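Open your viewer and get ready to select residues by number. Each stop tells you what to pick and what to look for.

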Amino acid sequence: MPPRTAPPSPAPGLPGVRRGPEHPGLREALRERTYLRTAWPWRAALYLLTSVPLGPATLAVLLLLAVAGSALTVLLIGVPLLLTLALAGIPLAALERRRLRLADPRPLAPAHREPDGTGLASWLRTRLRERATWRELGYAALFAVVLWPLDALAAGTAVLVCAGLLAAPVMLAVNGGAETRVLKIWLVDSYPPAFAALFAGLVLLPLCAYALGAVAAGRAALTRWLLAAPESGPDSRLREMGRSRMRLVDAFEAERRRIERDLHDGAQQRLVALSMTLGLARLESPAEPLAGLLTTAHEEARAALVEIRELIRGIHPQVLTDRGLPAAVEDAADRSPVPVEVALELPDRLPESVETAVYFAVCEGLANVAKHSRADAARVTGGITGGRLVVEVTDDGVGGADSDSGTGLQGVADRLSVLDGRLLVSSPPGGPTVFRLQVPVSPADTRI
């Protein structure tokens with residue numbers, strides 16, 4: 001099935017500025033008229049309610065580690081407890097990043113970098129020197145003392161008010177028609193006022209759904225801001241760039257050997273077979289028909305040409321050079337066994353290095369969709385947003401992709417890191433998988 005290409009849509013705002021890809025979350029869903037008919041109100045309530053058991057547990061752990069560690073410091077037993085307290089925000093932050101997907105499915109970049117060495121000592125040294133560790137500890141304290149009670153108050157008030165009003169006739173019937181108090185405030189002694197309370201609950205239900213959605217969206221935005229990865233310092237960026245460039249050198253050498261092996265074992269062998277077949281055709285007796293041998297030679301030549309074209313496309317596709325990134329991505333989508341919809345909006349041509357890196361990154365994403373996702377459809381969207389080229393490959397498959405489980409995604413991340421770009425992968429079990437690329441560009445970098 002050929003892919004469907006979405007028609008370009010004009011971007012609101014300043015002329016010449018293209019709208020980037022959108023990955024809608026709760027905040028965007030609140031603006032839609034169909035909000036109440038979707039799962040977002042339930043997800044908002046679940047996001048707030050799951051704070052209730054997690055908050056007291058976090059508070060108890062922090063208090064226990066702080067009190068016990070301080071009391072036992074003189075015996076040196078408290079030192080490991082205080083060290084554990086300093087690192088207590090890391091598992092909570094990891095859990096909060098997963099819980100954040102209930103209200104905001106956009107990928108959130110990991111805040112921690114890889115240790116410089118191996119072993120527990122290197123890991124501890126790296127974590128204790130990172131600002132992200134202390135930010136997450138501060139978030140844990142804020143969550144344990146302030147955030148979860150506010151979540152419980154908002155969700156509990158909305159649920160109890162609506163449930164109390166809706167249950168007024170039932171409460172009156174349970175009491176045998178005698179008087180009952182609705183919400184411990186309103187005295188009801190007959191069914192007309194009880195059904196009036198029921199009607200009021202039905203009116204308040206959508207208002208409570210929107211209120212819960214707004215609170216959950218604000219809470220998710222606060223969590224994203226507090227747990228976002230801090231800007232890396234110059235030293236760590238230089239070390240990471242050095243490591244990524246060394247991996248790129250190895251990857252390019254391995255790719256060169258692969259191409260050499262494929263040419264030797266594939267196209268060259270077919271051309272040898274073609275030469276031998278044509279040689280046999282020349283040595284055949286004129287009395288015998290040559291149609292079969294010539295047909296075989298023709299098929300061998302066609303197969304060799306097809307294989308050579310595929311190898312050239314794998315090195316650097318000509319359509320990328322001639323027509324740019326959108327056309328090259330559409331060509332890759334045409335060759336995908338999974339139907340792919342492309343909506344890539346770029347105002348001008350980008351630098352060749354950016355186009356090449358993003359093209360091969362998208363190809364890797366589509367290859368993963370075809371091999372592992374068991375998806376029925378995929379979508380490639382992209383555009384310039386805030387001085388960055390942002391491209392997303394999204395599928396409706398089973399999820400579970402891990403950038404650490406193979407070399408393909410690591411190679412994509414290395415290609416982008418040379419351009420000061422970033423790869424973010426969000427793939428919860430059950431899907432959807434979002435493969436997001438970000439590469440900084442400036443207006444001066446574009447070309448006609």
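How many disulfides are there in this predicted model? The count is zero. A disulfide is a covalent bond between the sulfur atoms of two cysteines.

C208 has a relative accessibility of 14%, under the 20% limit, so C208 counts as buried. C363 has a relative accessible area of 22%, so C363 is partly exposed.

Now show helix α9, residues 191-227. Its 37 residues, at 1.5 Å a residue, should span 54 Å. The C-alpha atoms at its ends lie 51 Å apart, which agrees. Next, zoom in on L204. Here α9 bends by about 30 degrees. A proline, P206, follows within four residues.

Move on to the largest nonpolar core, which has 38 residues. Nonpolar side chains tend to be buried together in soluble globular proteins. Pick L325, V358, V362, V380, L389, V391 and L437: these touch the most other members.

Which element gives the most to this core? Select α14 (352-373): this helix gives nine residues, the most of any. Other elements that each supply at least two residues include α13 (325-334), β5 (388-395) and β7 (433-440).

Stay with V358 and show its contacts. Beyond its neighbours within four places in sequence, V358 is in contact with L325, L389, V391, L437 and V439.

Last stop: select Y35, A45, L108 and A220. They are among the 34 residues of another core, which lies apart from the largest one.

Definitions and conventions
Residues numbered from 1 in each chain as written. Predicted model: local features only at pLDDT ≥ 70, side-chain atom pairs only at ≥ 80, totals over all residues. Heavy atoms only, no water. Core = buried A, V, L, I, M, F, W, Y, C linked by side-chain atoms within 4.5 Å. Buried < 20%, exposed > 50% of the residue type's maximum accessible area, 1.4 Å probe, protein only. Contact = heavy atoms within 4.5 Å. Expected span 1.5 Å × (residues − 1). Bend = angle between axes of the 7 residues up to and from the residue. Disulfide = S-S within 2.5 Å.
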